[in-house]
Amino acid sequence: MWVMRGELVIVGAGGHGRVCAEIAAAAGWTVVGFLDASKPAAEIVNGLPVLGRSLGEIRNTHPPDQAQVFIAVGDNHRRKALFEGAAALGYEVAALVHPAAIVSPTASIGAGSVLMAGTIVNANSSIGRYCIVNTASSLDHDNVLEDGVQICPGVRSAGGVRCRTLAFIGTGASIIPGIEIGAHAIVGAGSVVIRDVPEDANVAGNPARAITRRH
């Protein structure tokens, strides 16, 4: 399911990027360095060099036939754009799974997604591309994460939950069975979701209720 080939370049050297670099190394990847537009080339971050600001700068030294990339950027929309840019340049975008994650053999994980330490993904769940399933979160059977969904640490998602494109589920939120979280919706930290969340909604509380609507 998660094929390793050659070198891996981590795009993003912030906190999320540093965590993803450690996950990649623990999973057996050869991590050669970071790309980060906010850091000077040759800076060392957690023992790894900053190779440049963008994939275009390293296409000769780390070409697509020798290196894969991982987009380690927390912002959902920026991660999507960088994923699409990497693919347009011909790079394969890796999926990362921490060795301490528990993943059903019937689950599927899309390119560019990461499962962090202590995550549990149960039977027949589907994780799309460039998703984040963060530390100690759990997805029960038949969950569906569409592309770009971010699940923050400690989230508990019961069976049959569907999170549509670029939804964001805050730290420690709980979702009862069969719920749908709409595209681009935000579920606040610690919320208990007992009814469907519309597209673009921002909900929080126990039970979760709309607090604003974004346009």
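1. Start at Ala136. Ala136 is partly exposed, with a relative accessible area of 33%. That figure falls in the partly exposed class because buried means under 20% and exposed means over 50%. Ala136 sits in the loop between strand 12 (132-133) and strand 13 (138-139). Its phi is near 60°, a positive value in a residue other than glycine. Keep in mind that this is a predicted model.

2. Now take Leu166. Is Leu166 buried or exposed? Leu166 is buried, with a relative accessible area of 6%. The cut-off for buried is under 20%, so the label follows. Leu166 also has a positive phi, about 65°, although it is not a glycine. Look for Leu166 in the loop between strand 17 (162-163) and strand 18 (168-169).

3. The bond from Asn206 to Pro207 is cis. Its omega is near -5°. Pro207 lies in the loop between strand 23 (201-204) and strand 24 (209-213).

4. Count the secondary structure. How many helices and strands does the protein chain have? The chain comes to 2 helices and 24 strands. Helix 1 covers 15-26, and helix 2 covers 76-88.

5. Consider the overall form. The protein chain has 215 residues and a radius of gyration of 17 Å. A compact globule with that number of residues would have a value near 17 Å, so the chain agrees with the rule. Along the principal axes, the C-alpha atoms fill a box of roughly 50 × 40 × 30 Å.

6. Next, burial and surface. Of the 215 residues, 48% count as buried. The protein chain exposes about 9100 Å². Carbon and sulfur atoms supply 54% of that area.

7. Look at the contacts along the chain.

8. Find the largest pocket. About 260 Å³ of space lies in it. The lining has 24 residues. Which residues lie nearest the centre of the largest pocket? They are Val11, Gly12, Val73, Arg78 and Leu82.

9. Ask what the lining is made of. By class, the lining of the largest pocket has 11 nonpolar, 10 polar and 3 charged residues. Helix 1 and helix 2 each supply at least two residues of this lining. Helix 2 gives the largest share, 4 residues.

Notes. Residues numbered from 1 in each chain as written. Predicted model: local features only at pLDDT ≥ 70, side-chain atom pairs only at ≥ 80, totals over all residues. Heavy atoms only, no water. 1 Å grid on protein atoms, 1.4 Å probe; cavity = no way out; pocket = protein on both sides within 12 Å on 5 of 7 lines; lining within 4 Å. Points joined across faces, edges and corners; volume = space filled by probe spheres on them. Nonpolar A, V, L, I, M, F, W, Y, C, P; charged D, E, K, R; others polar. Rg over C-alpha atoms; globule rule 2.2 N^0.38 Å. Buried < 20%, exposed > 50% of the residue type's maximum accessible area, 1.4 Å probe, protein only. Areas by Shrake-Rupley, 256 points an atom, 1.4 Å probe, with all protein chains shown as cover.
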